[in-house]
Amino acid sequence: MAKIIEEVSRTFSEYLLIPRLSRVEHKTGNVSLRAPVAKYRPDEEESRFSLNIPFVSASMQSVSGAEMAIALARLGGLAFIYCSQSIEAQVAMIGRVKSHKAGFVPSDSNLRPDATLADAVALRKRKGHSTIPITDDGGMHGVFLGILTDKDYWEFDDDLSRPVSEFMTARDNVILARVGVTLHEANMKLRQCKKECLPILDANGRLHSLVFKKDYVDHMSNPDQLLDKEKRFAVGAGINTHDYKERVPALVEAGADVLCIDASDGYSEFQKEAALWIRERYGSSVAIGGGNIIHSDAFRYLAEEARLDFVKVGIGGGSICITREQKGIGRGQASALMAVAAERGKYFKETGVYVPICSDGGLSNDTQIIIALAMGADFVMMGRYFAMTNESPTPRVSIGGRVYKPYWGEGSNRARNWQRYNQNDSDTGLKFEEGVDAYVPVVGNVKDVLDVTVSKIRATMCNMGSLTVKEFADNAVLTRISEQSFVEGGTSNVLSLEKDIPRNV
């Protein structure tokens with residue numbers, strides 16, 4: 001007969017934290033939110049790949065495009081570019097992220113000297129770049145002849161049929177640097193010469209890259225930026241267990257830093273085979289995650305046999321996921337996370353290897369994010385949270401006077417992501433849906449939303465006498481709450497300006 005787990009399946013909203021002693025050093029400015037992504041041993045300095053803030057965006061069509069990845073990396077987090085698209089399209093998104101901020105930026109907007117001003121205007125509108133290097137062959141590494149910016153011409157007054165060579169600043173009048181110059185030296189040269197862009201040339205006069213003042217300003221304004229070894233933004237990529245032999249090499253070549261096998265149920269030999277194939281070919285050069293799981297046996301399988309770097313926890317807890325309704329599979333996110341975290345602790349004692357855990361789903365507010373970290377999650381993955389921001393890839397729509405964005409699950413017919421749910425052997429559509437198609441209100445920029453959440457986490461960690469995420473989980477004391485405790489925690493016996501008093505009063 002079926003085995004019954006007597007423990008009730010619980011959610012984050014059923015718990016509160018009990019404060020610990022706050023000492024004089026427990027100030028928000030001293031708190032570190034760095035979180036490991038790749039497994040490691042305590043005798044190592046730290047994980048070979050870590051986040052600067054414990055946030056990643058879900059590998060979903062309505063969440064994680066190139067713009068989201070850039071915004072998150074700028075703040076210290078990571079986006080997983082969705083895999084439910086062609087390999088070429090996913091690789092192009094990775095490329096956009098990698099070329100956006102690199103210190104030394106390869107130029108993807110170049111023209112020949114005989115190209116017309118109309119060509120330059122069209123290229124600027126298509127690429128979004130106002131600075132266009134002019135090379136002999138129009139390639140990114142051609143012989144450098146000059147540079148054209150939008151300050152060199154008047155789009156609506158100049159003759160757009162004339163060649164760019166008549167408008168560009170010729171090489172002899174351009175401030176240049178040679179390959180081998182450090183980024184600091186390049187930035188100082190920009191400062192001394194009061195320029196916005198510095199072309200870097202090789203010994204043969206060919207264009208190598210560009211250094212921009214705006215990148216320096218951007219970096220100084222966002223000190224937690226998550227960068228790779230080449231000073232480019234870090235980015236993750238979702239993969240499936242069907243075409244990984246073709247997809248993974250292309251993603252790694254494009255510069256993906258972290259790969260995550262995207263599946264609704266990760267306790268499978270399919271994930272093991274995919275993970276071991278990747279590990280055999282790329283070793284530890286790329287971090288590999290998988291899931292999703294909800295119990296200890298699955299953690300052991302993915303950590304030991306599949307040799308994953310991190311494991312995602314959560315089935316059916318997402319705001320647009322209906323797997324529990326459709327298949328009766330799942331577990332309350334708090335119970336699932338605590339069970340996996342406990343097994344992770346046992347595994348660590350036995351092997352000396354720490355395997356990070358990502359809590360995915362079931363997070364409807366900032367408090368629940370805090371509880372997830374307290375229960376042992378090293379970082380959290382979210383969909384709806386990021387889908388509501390301006391940087392998500394879906395268009396804004398007006399409904400009843402409010403602005404919304406479309407948000408749909410990867411298990412919906414709209415996503416056509418049959419690979420994630422393993423319902424068919426060919427791309428003929430889902431037999432039944434495990435996600436819904438919905439709308440979410442637009443709440444602003446990723447930075448503005450995350451700044452509030454991060455401030456709450458830092459303040460709570462100080463209340464808990466903790467300065468790191470790991471220390472926070474180790475120090476956490478939680479209490480279960482009753483329904484009346486939940487009610488008591490809200491406002492009572494007062495008139496709320498937001499809820500009770502009409503705006504025209």
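**Ser-268.** I started at Ser-268 and found a polar atom of its side chain 3.3 Å from the backbone nitrogen of Gln-271. I count a polar contact as a pair of N or O atoms within 3.5 Å; within protein, one must be able to donate a hydrogen and the other to accept it, and residues adjacent in sequence count only if both atoms are side-chain atoms. Ser-268 sits in the loop between strand S13 (258-261) and helix H7 (269-282). I take helices (H or I, at least four residues) and strands (E, at least two) from DSSP runs, numbered from the N terminus. Ser-268 counts as buried because its relative accessibility is 16%; the cut-offs are under 20% relative accessible area for buried, over 50% for exposed and partly exposed in between, with a 1.4 Å probe and protein chains only.

**Ground rules.** I am reading a predicted model, where local features need pLDDT of at least 70, side-chain atom pairs count only at pLDDT 80 or more, and totals for chains, interfaces and linings use all residues. Residues are numbered from 1 along each chain as its sequence is written, and side-chain values use heavy atoms, with hydrogens and water left out.

**Core.** Next I looked up the largest nonpolar core, which has 108 residues. Such a core is a set of buried Ala, Val, Leu, Ile, Met, Phe, Trp, Tyr and Cys residues joined through side-chain atoms within 4.5 Å. Its largest share, 8 residues, comes from helix H1 (residues 66-75). Phe-386 is among the residues with the most contacts inside this core. Leaving out residues up to four places away in sequence, Phe-386 touches, among others, Met-68, Leu-72 and Leu-450; contact means heavy atoms within 4.5 Å.

**Helix H1.** I then asked myself why H1 is largely enclosed by the rest of the structure. The reason is that 8 of its 10 residues are buried. The cover over those buried residues includes strand S4 (55-57), strand S5 (78-81) and helix H14 (446-463). After H1 comes Gly-76, with a positive phi near 110°.

**Cysteines.** I counted 0 disulfides, taking a disulfide as a pair of cysteine sulfur atoms within 2.5 Å. Cys-197 has its closest cysteine sulfur in Cys-193, 12 Å away, so the two are too far apart for a bond. Cys-197 is buried, at 13% relative accessible area, and Cys-462 is buried at 6%.
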